[in-house]
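Visitor: I would like to go through this model with you. Please tie each term to its cut-off.

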Amino acid sequence: MSILERLKSSLQRDGAGSTLAKFRAAIVDHCFDSYYGLDTCAMAGLEDLTITSSSREHGVKYQAARVLVLRKLFQILMPLFPSNSVIVDFGCGKGRVLLVGMEFPFKEVKGVEFAKELCATANNNIARYKAKKTLQTPCAAIEADAATYRIAADENVFFYYNPFDEVLMAKTVENIITSARFQPRKIHIVYLNPKHHGVMDSRSELSLIQDSHIWGNRFRVYTNQPGVRE
Ligand SMILES: C[S@@+](CC[C@H](N)C(=O)[O-])C[C@H]1O[C@@H](n2cnc3c(N)ncnc32)[C@H](O)[C@@H]1O
C-alpha cells in the first residue's frame with residue numbers, strides 16, 4: 001500500500017485527529033533514529049534472521065513500539081513501580097524500549113532477544129544512546145530465548161510489546177510467577193498491544209490494575225499483589 005493509500009484508509013478508519021497523532025508519532029521515531037544515530041525503525045521478518053531457538057515459530061517479527069507512546073507509558077507507570085526497579089523487555093528487538101527505559105529511574109534495563117542480528121543492533125543502539133545522552137543506567141540486550149531465560153531475583157518489571165503467540169506468553173508468564181514464588185517480591189507485567197491477555201487474566205496469582213490506551217495503543221498492567229482496578 002502506498003503512503004497516500006495508507007493515509008486515506010487511516011483517515012476513513014480513525015478520523016483526522018488520530019491520523020495526525022499517528023503521523024506525528026512516526027515522524028518522532030524517524031527523528032529519534034537520525035538524531036542519535038540509531039537503527040530502530042526498520043522492521044525485520046524473523047525468516048531473514050539467525051535464530052537457533054526452536055521457539056522461532058511462536059515469534060512475531062520485529063516492529064518497534066512508538067517512542068512517544070513508550071515515553072507516555074513510562075510516565076504513567078513509573079509511580080507504580082518500587083524504587084530500584086529492574087525492567088526486562090521480552091523480545092527487545094533493536095532495543096527501543098530499552099533506550100526509552102533508560103530515560104526513567106530504573107536501576108537496570110535489560111532486554112531478551114533471540115535473533116542474533118537484532119540483539120547486536122540493540123547493543124550498538126544502547127552504546128550510542130548512552131554516549132550521546134550521557135546516561136549511566138546499566139543496560140544490555142541479552143541473546144536468549146525468552147521461554148528459557150532465567151529470571152534474576154531483582155527483576156521485577158516485565159514488559160511485552162506483542163512479541164510472541166499465546167504458547168510462549170503462557171510459558172514466560174509461568175516463569176515470572178514461579179520466580180516470584182521462590183523469591184517473593186512485588187512484580188509488574190506491562191503488556192502493550194495485549195493480543196493474548198487471556199494468558200494473564202486466567203492466572204489467579206495476577207491482578208489486572210490498568211487497562212487503558214495511549215493514542216489508541218492499548219496496554220494492560222498486572223501485578224502479583226491485590227491492587228485497585230482503574
Ligand atoms: C513486536 S517486536 C517488539 C520489539 C521491542 N519490544 C519494541 O517494542 O521495540 C517482537 C520481538 O520479539 C522477538 N522475539 C520473538 N520471539 C522471541 C523469543 N522466544 N525470545 C526472544 N525474543 C523473541 C522478535 O525477534 C522481535 O524482535
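Guide: Seven strands make an open sheet with mixed pairing, in the order 3-2-1-4-5-7-6. This is a predicted model, where local features need pLDDT of at least 70, side-chain atom pairs count only at pLDDT 80 or more, and totals for chains, interfaces and linings use all residues. Residues are numbered from 1 along each chain as its sequence is written, and side-chain values use heavy atoms, without hydrogens and water.

Visitor: What makes strand 3 and strand 6 stand at the edges?

Guide: Strands are DSSP runs of E, at least two residues; helices are runs of H or I, at least four; both are numbered from the N terminus. Two strands pair if DSSP finds at least two bridges between them. Strand 3 (139–143) and strand 6 (207–214) each have a single partner strand, so one side of each lacks a neighbour in the sheet. Neighbouring strands are turned by 20 degrees against each other on average, direction ignored.

Visitor: How do you know that strand 1 and strand 4 pair?

Guide: Four bridges join strand 1 (residues 86–90) to strand 4 (residues 157–161) in the parallel sense. The cut-off is at least two bridges, so they pair. Ile87 stands opposite Val157 in strand 4.

Visitor: What packs on the sheet, touching strand 1, strand 4 and strand 5?

Guide: Helix 5 (residues 166–182) does, and its direction makes about 170 degrees with that of strand 4. Touching is contact, meaning heavy atoms within 4.5 Å. Axes are lines fitted to C-alpha atoms, for helices over the stretch in contact, and angles run from 0 to 180 degrees between N-to-C directions. Helix 2 (residues 67–77) lies across several strands, including strand 6, to which it runs at about 140 degrees.

Visitor: How do strand 6 and strand 7 run, and how many bridges join them?

Guide: They run antiparallel, with seven bridges. Asp211 stands opposite Arg220 in strand 7. The two strands form a hairpin with two residues between them, and Trp215 in the turn has a positive phi of about 45 degrees.
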